[in-house]
Amino acid sequence: MLNRLKKRIRYLYTRYVRNELPSISWYHIHPTALLYNRENIQLDPSCLVCEYVIVRAPAAVLKVGMHSQLGPFSVFFTG
């Protein structure tokens with residue numbers, strides 16, 4: 001009986017509690033990140049732009065794919 005109760009509690013926890021945890025559903029840009037020429041930068045869902053990232057895209061288009069991360073203190077330049 002105790003095993004059935006444990007299984008039931010585990011089932012309810014995974015079904016209702018764990019599924020309601022916050023998740024990144026759209027891209028997140030840290031407030032310290034600098035993005036120049038934003039019209040040339042394409043961010044796909046669930047990408048992450050970390051702190052102090054500098055992105056300059058004056059001529060070419062920069063595409064950041066799904067589940068990608070632009071790491072902290074990084075510089076990206078397209079030209």
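Leu70 sits in strand S7, which spans residues 69–70, and in this predicted model Leu70 is buried, with a relative accessible area of 8%. Leu70 also belongs to the largest nonpolar core, a set of eleven residues, and Leu62 is another member of that core.

**Leu70 and its surroundings**

- Setting aside neighbours within four places in sequence, Leu70 is in contact with Leu48, Val49, Cys50, Val53, Val55, Val64 and Phe76.
- Between Leu70 and Ile54 the C-alpha to C-alpha distance is 9.5 Å, while the two residues are 16 apart in sequence.

**The largest nonpolar core**

- Besides Leu70, the eleven residues of the core are Ala33, Ile41, Leu43, Cys47, Val49, Val53, Val55, Ala57, Leu62 and Val64.
- Strand S3 (41–43) and strand S6 (62–64) are the elements that give two or more residues to this core.

- A polar atom of the Thr78 side chain lies 3.2 Å from the backbone oxygen of Ala60.
- When residues up to four places away in sequence are not counted, Thr78 touches Arg56, Ala57, Pro58, Ala59, Ala60 and Leu62, and among these Ala57 and Leu62 are listed in the largest nonpolar core.

Methods. Residues are numbered from 1 along each chain as its sequence is written. This is a predicted model: local features need pLDDT of at least 70, side-chain atom pairs count only at pLDDT 80 or more; totals for chains, interfaces and linings use all residues. Side-chain values use heavy atoms; hydrogens and water are left out. A polar contact is a pair of N or O atoms within 3.5 Å; within protein, one must be able to donate a hydrogen and the other to accept it, and residues adjacent in sequence count only if both atoms are side-chain atoms. Contact means heavy atoms within 4.5 Å. Helices (H or I, at least four residues) and strands (E, at least two) are DSSP runs, numbered from the N terminus. Buried means under 20% relative accessible area, exposed over 50%, partly exposed in between (1.4 Å probe, protein chains only). A nonpolar core is a set of buried Ala, Val, Leu, Ile, Met, Phe, Trp, Tyr and Cys residues joined through side-chain atoms within 4.5 Å.
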